[in-house]
Structures are given as C-alpha cells and as structure tokens.
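Hi, here are my notes on the model you asked about. Keep the viewer open and click along as you read.

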Amino acid sequence: MPKRVAFAQLSSCWGCDQSLVDLHLRLLEVLPQLEIKYWPAVVDYKLSDLERLPKGSLHVGFVEGSCRTQEDVHLLEVMREKSQVLVAWGSCSCYGGVQGLANQWSIDEAITRKFLKADTVTDPRVPDENVPGFTDHIVPNPDIVPFELIIPGCPPTSDNIYDAVVALLTGKPFDLPDRTVCDECPREREEKHIKEFHRTYEGHIDPNKCLLDQGYLCLGFATIGLCGAQCPSANSPCKGCFGPPPSIKDHGAKIIAALGAITDMSPEELKSMFPDPIGSFYFTDYAASFISKIATAERSDTK
Ligand code: SF4
Ligand code: SF4
Ligand code: SF4
C-alpha cells in the first residue's frame, strides 16, 4: 500500500525541493510508492487541503524551511498533528537556516533594515495588509514541535533524500553518522599550524592539499559528513552548511575552539581576519547556538 506523505514549505528558498526534484529518474522508483496528500511546490494545494486530513493520517510529513511568520508556525503545528513521522528536511528546518542569522537583531531592527533602510529599498514602507505577523526570532523547528528525524543540508543532497525516503518506506533506520566532511575529503592533511588565513580569492590553491592547512577557512572538521565533501572536491572550502555531527552540541563554538588550538594568532588578530564571525562560523545554524538562545531569551525578558 502506498505511504501517505506531505511536503510542506515554511519560510525558505525552496532549494530542498529542488534537491528532491533533482532525483530525476530515481523519482520514478519512489513516486509509485507514495500517495502525495500535500505538496504546494508542484501542485496547487491549499492549506485547507492539509487541515482537512484526519489527525495522524500521514505516514510521513516532510518540513522544509523555518518559522519566520505566524503562518509558518501554524503550518508546522498542522504538519505535526497530521504526521506519524515528521522529518525536518534541510538545515533551515533542522537549525533555523541562514535566516537564523537575523537573530543577532530584534525583529523591529530586522524589519526596519529590510523594508526601510536597506540600500536596495526604493519604496520604504512596512507591508501591513494581507501578511502574516512575524515571529520575534527564528527557532529551530525541533524546538517548536517534536520530530522523529532530521536530514540536514543546505540543501541535503539528492542521495541523502533518496536514502531517507527509501529508509522510511522500508522501515529501516536512517541514523546520522558521527563522521565529518574531513572524513570524506580526499585532500592530504598535515599537522595543522596556521600562521594566517586567506580569502578564497587570494593566492593559488593547491588542489591536493587540505585547504585549512593552506590557510583557507574550511569547516569540514566540525561539519557532519553527508555531502561527499563536495565543496573541497571542487576547490572550495566547506562553509559548514550541513551543521555539526551529532556529538558536537554547538557548531560555531567547536570551530572557534579548534581555530584557537591550531593557530598562533591572538583573538584580536583572528577577529580582524573574520569581520563577520557569526556568519562565518554559524552559516546555517546560528539559531541553534547557545549564544543565540541566550540573546533571544534576554531580549524577550526585556520586552
Ligand atoms: S536548507 Fe538551504 S536549500 Fe533548503 S530551503 Fe533552507 S536555504 Fe534553501
Ligand atoms: S580541505 Fe577541509 S574538508 Fe578537506 S581535510 Fe581539509 S579541512 Fe577537512
Ligand atoms: S562541503 Fe560543507 S559547505 Fe559544501 S555542501 Fe558539504 S557541508 Fe555544505
């Protein structure tokens, strides 16, 4: 019997959906085994189609994106109510995503910047008609409702999605590995002792040697190994988009601690090399970090 499934999109770029569609012909293997009840990215479903379903009637619900609006929160809660197994699909859903970086500011400051002050604004006004209210800050979806499974990645690879869907269809476990991108990376490594960091456009990258050994900020050592080391394999440092492996509780804290141990630089020198440390060390998972949680809690207390 086909499994009843739904794919929901909260605030996001929908790139995780692109990665699913990138399965191409392999979609033909899995689609006959799915009874799709809600997938607005490809068919004109309405929220009411999902709301009408009986509780727990979906075998699996996939949630992409994070809750930037109250409407997102409602959709997430409806998905939880209807799904026997709920899957956080992509780093936005698992950790808050790139938009979680906005937690560095209050929602009022973010709205002012976005709609009134940004250089690209030509008609400065805050939209207030037919729009859902914003959430005060971004929270990882698993902090709002319980999930049975997370599939990180920005986006997860098509192989990750295929493996997870097949595991869910066959009842097999889909456990996240405790390996890192470094474990999947073919580059030669040496004892690390970094004297200075370079921007990726500076110097000439040796295609065989570890990028971090060459002074390029590659975060593969603290990032879960699920993507096949695709960026270092293409001569580009890992930005950490898949978040940390399960044994690392705070991605950026681990990165900062490791950099402190392998460089001769003072905190001031490191700071001057990374003018945007939060963006550099928490690309997709700032909302899941301890410092974001402390800052947003303090902001809520003073409201
Ligand atoms: S995880 Fe990345 S690819 Fe997926 S919706 Fe979020 S920003 Fe887009
Ligand atoms: S290039 Fe990056 S991913 Fe590869 S071994 Fe070095 S730090 Fe790890
Ligand atoms: S190498 Fe790093 S940045 Fe690139 S896809 Fe993999 S986890 Fe993301």
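1. Let's settle the residue classes before anything else: Ala, Val, Leu, Ile, Met, Phe, Trp, Tyr, Cys and Pro count as nonpolar, Asp, Glu, Lys and Arg as charged, and the others, Gly among them, as polar. With that in hand, look at ligand 2: the residues in its shell split into eleven nonpolar, one polar and two charged. A residue belongs near a molecule or strand if its C-beta atom, placed from the backbone, lies within 6 Å of it. There are 14 residues around ligand 2, and those that come nearest are Cys182, Cys185, Cys210, Cys218 and Gly220.

2. Some housekeeping. This is a predicted model, where local features need pLDDT of at least 70 and side-chain atom pairs count only at pLDDT 80 or more, while totals for chains, interfaces and linings use all residues. Residues are numbered from 1 along each chain as its sequence is written, and chains are lettered from A and ligands numbered from 1 in the order in which they are written.

3. Next, the other two ligands. Ligand 1 has 14 residues around it, with Ser12, Gly15, Gly90, Cys92 and Cys154 the closest. Two elements, α1 (15-21) and α5, each give two or more residues to that shell; helices (H or I, at least four residues) and strands (E, at least two) are DSSP runs, numbered from the N terminus. By class, the shell of ligand 1 holds seven nonpolar, six polar and one charged residues. Around ligand 3 you'll find Val181, Thr223, Cys227, Ala229, Gln230, Cys231, Cys238, Lys239, Gly240, Cys241 and Phe242. That shell divides into seven nonpolar, three polar and one charged.

4. How is the chain divided? It falls into domain 1 (3-100 + 129-170) and domain 2 (181-295), with bounds that come from an automatic or database domain assignment. Their C-alpha centres are 29 Å apart. Across the boundary, 15 residues of domain 1 are in contact with 13 residues of domain 2 (contact means that the C-beta atoms of two residues, placed from the backbone, lie within 7 Å). On the domain 1 side, helix α5 (residues 91-95) gives the most, with three residues. That side consists of eight nonpolar, seven polar and no charged residues.

5. Now find the sheet. It is an open one of five strands in the order β2-β1-β3-β4-β5, with parallel pairing; two strands pair if DSSP finds at least two bridges between them. The edge strands, β2 (34-38) and β5, each pair on one side only. On average, neighbouring strands are turned by 25° against each other, direction ignored. For such angles, axes are lines fitted to C-alpha atoms, for helices over the stretch in contact, and the values run from 0 to 180 degrees between N-to-C directions. Helix α7 lies across β1, β3, β4 (83-89) and β5, and runs at about 160° to β5.

6. Zoom in on β1. Five bridges join β1 (residues 3-9) to β3 (residues 58-64), and the two run parallel. β1 also pairs with β2 in the parallel sense, over four bridges. Which residues stand opposite valine 5? They are valine 60 in β3 and isoleucine 36 in β2. Alanine 6, in turn, stands opposite glycine 61 in β3. Five of the seven residues of β1 are buried, so the strand is largely enclosed by the rest of the structure. Here buried means 20 or more other C-beta atoms within 10 Å of a residue's own, exposed means 12 or fewer, and partly exposed is in between, with C-beta atoms placed from the backbone.

7. Most residues other than glycine have a negative phi, and most peptide bonds are trans. The bond from cysteine 154 to proline 155 is cis, with omega near -5°, and proline 155 lies in the loop between β5 (149-151) and α7 (158-170). Asparagine 130 has a positive phi of about 55° although it is not a glycine. Is asparagine 130 buried or exposed? It counts as exposed, with 5 C-beta neighbours inside 10 Å. Alanine 229 also has a positive phi of about 55°, but alanine 229 is buried, with 21 other C-beta atoms within 10 Å. Look for alanine 229 in the loop between α8 (181-184) and α9 (230-233).
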